Amino acid sequence: MPEAGGDGAADEEETERGPLRRCLVTRERLPKEAMIRFVLDPDRRIVPDLAERLPGRGMWLSARADVIEQAARRGAFAKAARGEVLVPPDLRACIEDGLRGRVRDLVGFARRAGQAVSGWQAAREWLQAGRVGLLVQAADGSPAEKARLVGLRQLPAVAPLTAAELGALFGRDRAVHVAIAPGRLAERIAAEAARLAGMIPVAGDTGATQPRGGRKPGEDPARRDQRAPRDAHHRGRDGATEGTE
């Protein structure tokens with residue numbers, strides 16, 4: 001099998017094209033929205049580029065805690081960078097914090113744009129009016145209460161933040177239910193929530209790559225549902241580049 005940096009010198013030097021990237025560890029071809037891009041800073045330290053805007057040759061990994069840990073442990077970054085690199089020991093935690101911040105920012109943008117409401121009654125009214133493209137619910141909220149609000153509706157729902165974190169975005173102590181209007185912001189929040197869910201370690205993980213699909217031991221079903229849009233993407237389509245740009 002070719003080294004993690006690509007299928008050959010020509011592939012490694014290929015500029016970024018197409019909607020897919022190949023993970024350095026799993027070798028899966030996935031949409032960029034389901035992955036994390038990394039670059040080297042001037043000191044050859046690995047830096048996560050969550051917004052995909054930093055200059056430099058990118059290295060791509062699936063947005064999963066076990067994959068990030070394997071990349072650091074097995075030297076995947078060094079192989080892709082063709083030399084020694086510095087991998088921060090708290091890399092996964094830094095990515096998790098960064099993604100959590102991105103979700104907060106996007107929900108805040110939606111509120112200021114009039115595309116989000118909080119509270120059970122307000123969310124219910126939007127649901128009844130067909131104005132909801134995504135439900136953002138508190139990770140520590142009551143499962144029964146969250147299920148009662150959604151009912152039998154087939155509606156995307158994510159739970160990336162705590163009730164206190166969501167409440168702070170709306171000037172409240174707590175918020176368990178936030179309804180987001182359909183559109184680009186809802187799509188971006190869902191994508192970032194899926195990446196964040198993948199970064200949160202599951203009890204019992206040993207660092208080995210887990211099978212895709214199905215439920216891991218001890219996994220909250222809500223977290224699995226958050227990952228579903230990412231896992232549902234087709235693999236092996238044309239147009240992907242390798243793990244590096």
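**Notes on helix packing, cores and a few loop residues**

1. Let me start with H5 and H6, where Trp120, Ala123, Arg124 and Leu127 of H5 meet Glu145, Arg148 and Leu149 of H6. By class, this contact has four nonpolar residues, three charged ones and no polar ones. Keep in mind throughout that this is a predicted model.

2. On the geometry of that pair: H5 covers residues 120-128 and H6 covers residues 143-150, and they pack at about 30 degrees with their axes 10 Å apart. The two helices are therefore roughly parallel to each other, as the cut-off for that label is under 35 degrees.

3. Next, H4 and H8. Their axes come within 9 Å and cross at roughly 160 degrees, which makes H4 roughly antiparallel to H8. The crossing is left-handed.

4. Which residues make the contact between H4 and H8? From H4 you'll find Arg92, Ile95, Glu96, Leu99, Arg100, Arg102, Val103, Leu106, Val107, Phe109 and Ala110. From H8 come Leu185, Arg188, Ile189, Glu192, Ala193, Arg195, Leu196 and Met199. Sorted by class, this contact holds 12 nonpolar and seven charged residues, with no polar ones.

5. H4 also packs on H2. Here the axes come within 9 Å and cross at roughly 145 degrees, and the crossing is right-handed. Ala65, Ile68 and Glu69 of H2 touch Leu91, Arg92 and Ile95 of H4. Four residues of this contact are nonpolar and two are charged, while none is polar.

6. Now the cores. The largest nonpolar core has 26 residues, and within it Phe38, Met59, Leu61, Phe77 and Ile95 touch the most other members. Elements that each supply at least two residues are strands S3 (35-40) and S5 (59-62), plus helices H2 (65-74), H3 (76-81), H4 (91-112) and H8 (184-199). H3 gives the largest share, four residues. There is also a second, separate core of 22 residues, with Ala138, Leu166, Val178 and Ala193 among them.

7. Leaving aside residues up to four places away in sequence, Phe38 touches Ile46, Val47, Pro48, Asp49, Arg57, Gly58, Met59, Leu61, Ile68, Phe77, Leu91 and Ile95. Ile95 turns up again in the H4 contacts with H8 and with H2.

8. Two backbone angles to look at. Arg44, in the loop between S3 and S4 (46-49), has a phi near 60 degrees, a positive value in a residue other than glycine. Glu52, in the loop between S4 and S5, likewise has a phi near 60 degrees and is not a glycine. Are these residues buried, exposed or partly exposed? Arg44 counts as partly exposed because its relative accessibility is 32%, and Glu52 counts as partly exposed at 29%.

9. Lys79 and Leu24 are separated by 55 residues along the chain, and their C-alpha atoms are 9.4 Å apart. Lys79 sits in helix H3 and, at 44% relative accessibility, counts as partly exposed.

Technical notes:
Residues are numbered from 1 along each chain as its sequence is written. This is a predicted model: local features need pLDDT of at least 70, side-chain atom pairs count only at pLDDT 80 or more; totals for chains, interfaces and linings use all residues. Side-chain values use heavy atoms; hydrogens and water are left out. A nonpolar core is a set of buried Ala, Val, Leu, Ile, Met, Phe, Trp, Tyr and Cys residues joined through side-chain atoms within 4.5 Å. Buried means under 20% relative accessible area, exposed over 50%, partly exposed in between (1.4 Å probe, protein chains only). Contact means heavy atoms within 4.5 Å. Axes are lines fitted to C-alpha atoms, for helices over the stretch in contact, and angles run from 0 to 180 degrees between N-to-C directions. Angles under 35 degrees count as roughly parallel, over 145 as roughly antiparallel, 65 to 115 as roughly perpendicular and the rest as oblique. A crossing is left-handed if the near helix is turned anticlockwise from the far one by less than a right angle, and right-handed if clockwise. Ala, Val, Leu, Ile, Met, Phe, Trp, Tyr, Cys and Pro count as nonpolar, Asp, Glu, Lys and Arg as charged, and the others, Gly among them, as polar.
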